[in-house]
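The following report describes a predicted model of a protein. Please read it with the sequence and the structure at hand.

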There are 2 protein chains.
Amino acid sequence: MGGSVVTEKDKSLTPNRENIKRLSREIAEAGEKELILVHGGGSYGHPIADKYNLSEGYFDVSQIIGVAKTHQAMVALNSLLIESLLSYSVPAISVAPSSFTITDKGRITDMNLSNLRHYLEKGITPVSFGDVVPDRSRGFSILSGDQLAARFALELGADRLIYGIDVDGVYTSNPKLDRTARLVELLSLKDIEENIRLGGSLSTDVTGGMKGKIQEAVNALRVGIKVQIVNASKPDIIFKTLRGERVTGTLLVK
Amino acid sequence: MGGSVVTEKDKSLTPNRENIKRLSREIAEAGEKELILVHGGGSYGHPIADKYNLSEGYFDVSQIIGVAKTHQAMVALNSLLIESLLSYSVPAISVAPSSFTITDKGRITDMNLSNLRHYLEKGITPVSFGDVVPDRSRGFSILSGDQLAARFALELGADRLIYGIDVDGVYTSNPKLDRTARLVELLSLKDIEENIRLGGSLSTDVTGGMKGKIQEAVNALRVGIKVQIVNASKPDIIFKTLRGERVTGTLLVK
């Protein structure tokens, strides 16, 4: 669940309560038992991380309080989601990457998934999030929800990896700026690799947040995990996607 | 920090804001850099865990939502503490045992401390808590803050383990019921082992919460960690204890 879906991205520390409530209901109604949710930071994590320059790495002791504040902002957002899910009887448990994940230069190197596996076996839905985590080279790193979700999918042998964002999928150009942008419904691993090799000059828009999602998705695609990029801001799309029904969006295949 | 210190123990889901604020200030002023805080559940964790019979183990799928709700109640209490600590510029980070600790019949068997060690090295103060955690035999178990704190002290080679409670220390009988109860200022490992062997018939009150603390403390005592049981409900006691100053309380020694 993208940060732009669960928060008001332009208003600091403001949740999108309507989306949170609706998505909680859709997730509850879909009834998928083996599910891990991951959400981004949106207007919770990013403004504080930026204030303390955490995206450039950890280089000064004055950033320590920023590390703590960024994490706590993410916990606050996560709690809103968990409480909403609990109100729809989804047995959701907060799982903070900063407690069990270590990165090196921003990439996950250590991740102990014993507890997560246990939750999935027992029918509990772990809810994790983009977080600030210990980093071997940099001290601390921002770990994106995109990287985390793809890594969970890989390590736990997921069938599917679903990115819920605030547009319908991958477009030929940025649909928020270009009215002629067309949705790309099917994207193959070969297309993506070609696009990355040519520096994004093919006819897909892989800038900004979309680029990160696709780069992470590639690792999951390579082992045959089905990746879907769909619009979580529109009603019923996540419900239908979880139920395996056909929806508007981009399907990434090997 | 005992649940009876940071919450109003008799009022469901009610923090003791005065104690939380005062303790945050005392911790900030003490300036101890290598510190892990652990708090109990008080009126947050216990009522929900009791409602779903979680202390008797996990035996029915209807308890799953209770596991999730108990954890989330603890996250809510933990967030109040973290936010208070941050307001006094203590770089506090929430560390939930349910993300990295597994028990068997209620006793910790697996605990990956890499992330905690990293936080301590960087001057961050991890704040953990009694929690509901995966259990190999029972499905889930309630892990007490008392067990957790003693285990952290052992695994991380702490110099000291401090239990902050709502009375002055270990008494000859329950000071809340018996006006003739006297404070025991020094308690040796031998005294405690004798007491446990004789079923608590020696002249110390080791019932209820105190019993759990002392049983856990024994493991730390055996390897030479100094254990102090002091009154965290009274002003300045935690400040002085952290500073290594002499305070009223019970000192446990090998």
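Chain A is superposed on chain B by a rotation of 180° with 0.0 Å of shift along its axis, and the RMSD is 0.0 Å. The two copies are thus related as by a two-fold rotation axis. For this comparison, copies are superposed by least squares on the C-alpha atoms of residues with pLDDT of at least 70 in both. Of the interface residues of chain A, 100% are also interface residues in chain B, so the copies meet through the same surface.

This is a predicted model, in which local features need pLDDT of at least 70 and side-chain atom pairs count only at pLDDT 80 or more, while totals for chains, interfaces and linings use all residues. Residues are numbered from 1 along each chain as its sequence is written, chains are lettered from A and ligands numbered from 1 in the order in which they are written, and side-chain values use heavy atoms, with hydrogens and water left out.

## The single chain

Chain A contains 9 helices and 11 strands; helices (H or I, at least four residues) and strands (E, at least two) are DSSP runs, numbered from the N terminus. The radius of gyration of chain A is 17 Å, close to the 18 Å that the globule rule gives for 254 residues, so chain A is as compact as a globular protein of that length. This radius is taken over C-alpha atoms, and the globule rule is 2.2 Å times the number of residues to the power 0.38. The C-alpha trace of chain A spans about 45 × 45 × 35 Å along its principal axes.

In chain A, 56% of the 254 residues count as buried. Here, buried means under 20% relative accessible area, exposed over 50%, and partly exposed in between (1.4 Å probe, protein chains only). Among the contacts in chain A with a separation of 6 or more, 71% are between residues 24 or more positions apart; a contact means heavy atoms within 4.5 Å.

## The nonpolar core

The largest nonpolar core has 157 residues, and A:Leu161 and B:Leu161 are those with the most contacts inside it. Such a core is a set of buried Ala, Val, Leu, Ile, Met, Phe, Trp, Tyr and Cys residues joined through side-chain atoms within 4.5 Å.

## Aromatic pairs between the chains

Over all chains, the structure holds 2 aromatic pairs. Rings of Phe, Tyr and Trp (its six-membered ring) pair if their centres lie within 6.5 Å; planes under 30 degrees apart count as stacked, over 60 as edge-to-face and the rest as tilted.

| Pair | Centre to centre | Angle between planes |
|---|---|---|
| A:Tyr119 and B:Phe140 | 6.3 Å | 10° |
| A:Phe140 and B:Tyr119 | 6.3 Å | 10° |

A:Tyr119 lies in helix α5 (residues 114-121) of chain A and B:Phe140 in strand β7 (residues 139-143) of chain B, so the pair joins two chains. Both A:Tyr119 and B:Phe140 are buried. In the other pair, A:Phe140 belongs to strand β7 (residues 139-143) of chain A and B:Tyr119 to helix α5 (residues 114-121) of chain B, so this pair also joins two chains. A:Phe140 and B:Tyr119 are both buried.

The buried residues of α5(B) include B:Asn115, B:Leu116, B:His118 and B:Leu120. Their cover includes β3 (101-104), β6 (131-135) and β7 of chain A, together with β2 (92-94), β5 (125-129) and α6 (145-155) of chain B. Just after α5(B), B:Gly123 takes a positive phi of about 85°.

B:Val5 lies in helix α1 (residues 3-6) of chain B and is buried, with a relative accessible area of 0%. Residues up to four places away in sequence aside, B:Val5 touches residues including B:Asn16, B:Leu23, B:Ile165 and B:Ala232. From C-alpha to C-alpha, B:Val5 and B:Gly42 are 8.1 Å apart in space, and they are 37 residues apart in sequence.

B:Asn78 has its place in helix α4 (residues 64-87) of chain B and is buried, at a relative accessible area of 1%. When residues up to four places away in sequence are not counted, B:Asn78 touches B:His39, B:Ser94, B:Val127, B:Ser128 and B:Phe129.

## Positive phi in loops

A:Leu13, a residue other than glycine, has a positive phi near 55°. A:Leu13 lies in the loop between α1 (3-6) and α2 (17-30) of chain A and is partly exposed, with a relative accessible area of 43%. B:Lys105 is not a glycine either, and its phi is positive at about 50°. The loop between β3 (101-104) and β4 (107-111) of chain B holds B:Lys105, which counts as exposed at 54% relative accessibility.
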